[in-house]
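The sequence and the structure are shown first.

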Amino acid sequence: MPVAEVRPYLVTRNLPHFWCPGCGNGVVLSAVARAFARLGLDRTQTVVVTGIGCFGRADDYLNVNAVHGTHGRALAIATGIKAVNPSLRVVALMGDGDCATIGGNHFLHACRRNLTITAVVSNNLNYGMTGGQYSGTTPAGSTTSTSPLGHAEEGFDLCRVAAAAGAMYVARATVYHVHLLDRYLETALTHQGFSMVEVMSSCPVYFGRYNRLGGPVEMMEHWRKVAVPLEKYWELPAEDREGKVAIGVFQDRPGIPFEERYRKVQEAARGARAGEVTER
Ligand code: SF4
């Protein structure tokens, strides 16, 4: 896509971005900006909400309305914005710390509630900003600054969690698979109900270094090697799935988004106030 078309969606005076060289967040940010440009989003009707963490800085670079919230609360803030003004397009940009760990409960309920919000999760498998501690998605056996002898817990499979919790569109790509990522973001941003795109992202400075995955280039190579299309992933024997990452569309279903259901409740309430009996 020509740079000139993406430029209006970027705060170019804040570039270059603050992320470390080789960080996957830049890839995710540029995909989001490209998706905004391709869809020709009205910048005055688009709101980006972030929390805290490395990817929480993404709103600094997007030339749309933005709210920089507190840690784990991006979806709570996005919910309030969308509920008050359903005509806005609301996009929550989060890392795995924000979404799956500190904000885990907000995430579950946002999926269940199904407001038309798009969540983009840059999952680098650790808390990069505060020194590489393990998060809710850190795979078992990985080394982090808080699990130097190997992480003992299983990480969440965020896409399966979102699909089970009721999100309407759920997909996963990696920072290596940018064409897939472009496609998933475009679908998510035009989908009714809650949509989530998870992007497996590189943090060479902490996760990559602690787990001897090499530098930025080797980490990209890592995503290429471990990513398996969803259908093929489930055909693999269980032992061969170890260390692999399924990519693809996990859920794409129609349904009635929250704002529509809530409009009916509001109409019923108005009717009740006026003394009318409203049929449900
Ligand atoms: S610490 Fe990791 S996630 Fe944070 S900016 Fe650096 S490479 Fe990216």
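In which sense do strand β7 and β8 pair, and over how many bridges? In this predicted model, strand β7 (residues 169-174) pairs with β8 in the parallel sense, over six bridges. Strand β4 (residues 117-123) also runs parallel to β8, and six bridges join β4 to β8. Met196 of β8 is the bridge partner of Ala119, and Met196 of β8 is likewise the bridge partner of Val170.

| Strand paired with β8 | Sense | Bridges |
|---|---|---|
| β4 (residues 117-123) | parallel | six |
| β7 (residues 169-174) | parallel | six |

Strand β8 (residues 195-200) is largely enclosed by the rest of the structure, because six of its six residues are buried. In a regular strand, side chains alternate between the two faces of the sheet. In β8, Ser195, Val197 and Val199 point one way, while Met196, Glu198 and Met200 point the other way, and all are buried.

Turning to the helices, the axes of α3 (residues 74-84) and α5 (residues 104-113) come within 8 Å and cross at roughly 35 degrees. The crossing of α3 and α5 is left-handed. Leu75, Ala76 and Thr79 of α3 make the contact with His106, Phe107, Ala110 and Arg113 of α5. By class, this contact of α3 with α5 has four nonpolar, two polar and one charged residues.

Notes
Residues are numbered from 1 along each chain as its sequence is written. This is a predicted model: local features need pLDDT of at least 70, side-chain atom pairs count only at pLDDT 80 or more; totals for chains, interfaces and linings use all residues. Side-chain values use heavy atoms; hydrogens and water are left out. Axes are lines fitted to C-alpha atoms, for helices over the stretch in contact, and angles run from 0 to 180 degrees between N-to-C directions. Helices (H or I, at least four residues) and strands (E, at least two) are DSSP runs, numbered from the N terminus. A crossing is left-handed if the near helix is turned anticlockwise from the far one by less than a right angle, and right-handed if clockwise. Contact means heavy atoms within 4.5 Å. Ala, Val, Leu, Ile, Met, Phe, Trp, Tyr, Cys and Pro count as nonpolar, Asp, Glu, Lys and Arg as charged, and the others, Gly among them, as polar. Buried means under 20% relative accessible area, exposed over 50%, partly exposed in between (1.4 Å probe, protein chains only). Two strands pair if DSSP finds at least two bridges between them.
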